[in-house]
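Please open the structure in a viewer and keep the selection tool at hand.

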Amino acid sequence: ISDAIMMQVRTSNGYVYSYNPIDNSIVDGVCKNTYAIKMKFKPLEKIIKLSNVTSFSIGVTEQCNLRCSYCCYSGKYPEHRKHSVQKLDSADIPLILDFINKNSSEEQITVDFYGGESLLEFEWIREFVDTATTATDKDWRFEVSTNGLILKPNLVDWLVRHDFTIFVSIDGTGDFHDNCRKDIHGNRTFLTIYKNLTYIRERYVNYWRNNVHLMMTVQDISSFPIIAQQWVLNPMLKEKMPYRISEVSTVYNKNTQKVDAAELSKYMRLVEWYKDHPDNGVIKNFFTMWLAEWVERPIIKLDQEVEYPTCVPHNRKLYIDASGNIGLCERIADTIRMGSVTSGIDYKKVNEVAETTAAFIHDNCSKCEIARICDLCPDVLKISKELIDTYCHNQKVMQKIKFRCFCELAESDLI
C-alpha cells in the first residue's frame, strides 16, 4: 500500500497539522502512519422514483432587468443558457401543479419562483399562487428569488399577505454592489434596491426580520474586509447579516488556468482581519459557510462500501425551467434535463445522470486525498475531459487553503 498524499499545514503560530483522509481526522504534527485512501462505493440501484422531493424551483422567465458582470446567464458560461424572452404562460400552471402533485407525496410543498428576474412575471406568480391554494389541499410555502429592483410596495404588500420568503441579491454597499450589478441600461441599482428594502423594514418589522434574506456574491475576495466593515456600519444592513455569501463561479473553458498556492495569501488576509474583528457578523458568516465541509465532516473510518456522495436519487428539489423542462436544481447546467411537466420525469435520463456522475467519481475521486470533503454534484458533468485535470487540481488547492484557514481559526476559537 502506497503512502497517501497527506495535506499538511503550518499555522502562523508555528503548529503543524495533518489531514488523514482515512478517518477524516486532523492530527497534530506530521502524520507518517497513513495509507492511501481507496473509497469503495455501493453499486448503483436503478432509480424508479425520486421519493424525497418536497421543493420545486420554477424558472418563471429567462428575462432579466439586470446585467450582472458575473451572471451565469451572461453567455460566458457555455453550459448555461443566455438571457432570452422565454417564459412560462398561464396554460403551464395546471401542468406544473399536476406535475408537482404526481412527484411529491408530502403535504407540505415549497415553491421558489426563480428567473431571470422572477418578479417581471408577477402576474403569473399571482395566478399560480391563487390556483395552487384553491385547487389543492397541500400546505404551500412560497419563496421568491429577486434582484429587488422592482420590489415595489404593491408587490411587497401582496408577498407579505401570502407569507412569502424573499431572497434578495445585494453585493455589499454602494460601489461594491453597483460595480457588478447594473441594470440592463448600465445604470447603478443599489439605491433603488435599498429604498425598496427600506419600505419592507419600516412597514413590516417582523416580516423584515423573519422572511427577508439577503444574498451576497463577492467578485473580488480581497475587497471583502471593506465590504464586511461597511455592511455593519449601515443602519439597515447591520440588522441582517447575509444569509448566503458566494464567490463567483469559475468558468471552465480552454482558457481556464490552474490556481496555485499564491491564492492562499488572499484568504490569509481575511483570516487575519477576522482575528482583529471577531465581532463582525459578515466575515463570521462567510467563514461559517465557506468552511462548512471542514466544520461538519464526520470523523469516522471508512471500512465499508459507501453510497456515491452526490444528490441523486436523494435530492429534495426539482427545477422546472421556463420551457417546462425538468432539471435537478437551478444551479446545475442547463444542458442537463430529465423530462418535462407534460411528459413527466424521464427516468432513463435520471439514471444516465446518476451513472455518469458515479463514473466520474469512481474514476477521479475514489483514490483522491480530498474525496471526503470535496464538493461533488452532477454539475461536474459540465467539465470536459480536457479540463478534468485542471478542475481537480483547483479543487485540491482550494481545499488545502480551506484546511489552513480552518486550523488558523480553530486555534483562535473563531470556528
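Which residues of the largest nonpolar core touch the most other members? Select Phe-113, Phe-128 and Phe-224: in this predicted model, these three hold that position among the 127 residues of the core. Helix α12, residues 388-411, supplies the largest share of this core, with 11 residues. As general background, nonpolar side chains in soluble globular proteins tend to be buried together.

Keep Phe-113 selected and display its surroundings. Beyond its neighbours within four places in sequence, Phe-113 is in contact with a set of residues that includes Ile-58, Val-60, Trp-124, Ile-125, Phe-128 and Phe-164. The contacts of Phe-113 also include Ser-118, Glu-143 and Ser-145.

Next, select residues 7-10, 16-20 and 25-28. Residues 7-10 are β1 and residues 25-28 are β3, the edge strands, each of which pairs on one side only. The open sheet has the order β1-β2-β3, and its pairing is antiparallel. From one strand to the next, the twist averages 25°. Helix α12 packs on this sheet, where it touches β1, β2 and β3, and its direction makes about 45° with that of β1. Now zoom in on β2, residues 16-20, which pairs with β3 in the antiparallel sense over 4 bridges. Asn-20 has Ser-25 in β3 as its bridge partner.

**The eight-stranded sheet**

Which order do the strands of the 8-stranded open sheet follow? Trace β9-β8-β7-β6-β5-β4-β10-β11; the pairing here is mixed. The edges are β9 (244-247) and β11 (326-327), each pairing on one side only.

Within this sheet, select β6 (residues 139-146) together with β7 (residues 165-169): these strands pair in the parallel sense over 4 bridges. Glu-143 stands opposite Thr-165 in β7.

Move to Thr-110, in strand β5 (residues 108-114). Is Thr-110 buried or exposed? Thr-110 counts as buried because its relative accessibility is 16%, under the 20% limit.

**Helices α7 and α9**

Select residues 224-233, helix α7, which lies across β8 (212-218) and β9 and runs at about 155° to β8. Helix α9, residues 281-290, also lies across β8 and β9, running at about 70° to β9.

At the start of α9, display the side chain of Asn-280: one of its oxygens reaches to within 3.0 Å of the backbone nitrogen of Val-282. Then colour the buried residues of α9, namely Gly-281, Val-282, Ile-283, Phe-286, Phe-287 and Trp-290. These buried residues pack against β8, α7, β9, α8 (263-276), α10 (292-295) and α12.

**Helix α3**

For the last stop, select residues 153-161, helix α3. What covers the buried residues of α3? The cover includes α2 (122-135), β6, β7, α5 (190-203) and α6 (205-211). The buried residues themselves are Leu-155, Val-156, Asp-157, Trp-158, Leu-159 and Val-160. Finally, select Asp-163, which follows α3 and has a positive phi, near 55°.

Conventions: Residues numbered from 1 in each chain as written. Predicted model: local features only at pLDDT ≥ 70, side-chain atom pairs only at ≥ 80, totals over all residues. Heavy atoms only, no water. Core = buried A, V, L, I, M, F, W, Y, C linked by side-chain atoms within 4.5 Å. Buried < 20%, exposed > 50% of the residue type's maximum accessible area, 1.4 Å probe, protein only. Helix = DSSP H or I, 4+ residues; strand = E, 2+ residues; numbered from the N terminus. Contact = heavy atoms within 4.5 Å. Pairing = 2+ DSSP bridges. Axes fitted to C-alpha atoms, helices over the stretch in contact; angles between N-to-C directions. Polar contact = N/O pair within 3.5 Å; in protein donor to acceptor, adjacent residues only side chain to side chain.
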